Amino acid sequence: MSKAVYPRESVYNLVPKEEVHLQKTQRYVSKFRPTVVLEKKSTKDAMRTMGPAKVEVPTPEKYLKKHSKEPKLPEQVQKEVGNSYTMRKSAVPARTDNPPMGFQTQRDFIKTATAVPMKPKPTSVDTSKGHKQLLENSGLVPKYIKKKHYGEVPEYLQQRNEEEQRAQEEYDMFVEEQREQGAMKHLSDEERHIVLEGLKKNWDELHHDYQGLSLVTDNLSKKARRDSLWAAMRQLENDIKLIERFKTIYIPSY
């Protein structure tokens, strides 16, 4: 506890103060400490230099022999064969004895005798170390071109083509109705070519501006400028692809 320090001119220094003495708590000491000290001395101090005090001494008959410390394999136990030489074997059947009859079996001997052995599956070795695989899955055999439906258009493609054709017919009907009402006009090839060239020219100008941007976009204005150029170029690319894809284009007549 720190004591408050007052200057010499303070009046409080004239007041007598009682000194407070702090009493420290006693340190914890285990009650098993003497026992532990005695056990340590009795076990370690007794053989600190010369080893254990009492060791069983081997007798002179059990001296160290050569190869006695080497590991040994377990002894092989010979299996005892039964007293076959003492047992009498069954007598050989006489020539006049009838063979045993009446035994039946489910085995088809004719089928077994005429069965054709199973041929091994053809394989192909593709590495010098002998790695092999089935010849059918190796790609060296014309497997898929011999299928029944090879070369036919899949069902999902047929369905998609039908949906596209249906959508095109609906669009043509809508355009025809708008043309009859005078709301849409057909874009000629020359006008289509002029529009396409104008879109490409606009894309070149935007691309030129984009190439002039700084490499580091370290503030929000540069990032906004870059994003706006990206969006404009992407929109022009989509418009150019759309005009190049369709030859017949209708635009609203204002």
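Ser188 lies in the loop between β3 (184-186) and α4 (189-211), where helices (H or I, at least four residues) and strands (E, at least two) are DSSP runs numbered from the N terminus. The model is predicted, so local features need pLDDT of at least 70 and side-chain atom pairs count only at pLDDT 80 or more, while totals for chains, interfaces and linings use all residues. Residues are numbered from 1 along each chain as its sequence is written, and side-chain values use heavy atoms, with hydrogens and water left out.

Ser188 has a relative accessible area of 30% and is therefore partly exposed; buried means under 20% relative accessible area, exposed over 50%, and partly exposed in between (1.4 Å probe, protein chains only). Ser188 and Ile249 are separated by 61 residues in sequence, and their C-alpha atoms are 8.1 Å apart in space.

The phi angle of His67 is near 65°, a positive value in a residue other than glycine. His67 counts as partly exposed because its relative accessibility is 45%.

Helix α4 has 23 residues and should span 33 Å at 1.5 Å a residue, which agrees with the 33 Å between its end C-alpha atoms. The expected span is 1.5 Å times one less than the number of residues in the helix. Arg192, Leu196 and Leu199 are buried in α4. The buried residues of this helix pack against α5 (220-245), contact being defined as heavy atoms within 4.5 Å.

Side chains of opposite charge can pair when their charged atoms come close. A salt bridge is taken as a side-chain nitrogen of Lys or Arg within 4 Å of a carboxyl oxygen of Asp or Glu, and by this rule the count comes to four salt bridges. One of them joins Lys200 and Glu244, whose closest N and O atoms are 3.5 Å apart. This pair links distant parts of the chain, with Lys200 in helix α4 and Glu244 in helix α5, 44 residues apart. Lys200 is partly exposed at 33% relative accessibility, and Glu244 is partly exposed at 38%.

Another salt bridge is formed by the side chains of Asp218 and Lys222, at 3.3 Å from N to O. Asp218 is exposed, with a relative accessible area of 57%, whereas Lys222 is partly exposed at 31% relative accessibility. Lys143 and Glu136 also meet through their side chains in a salt bridge, with an N to O distance of 3.8 Å. Lys143 counts as partly exposed because its relative accessibility is 30%.
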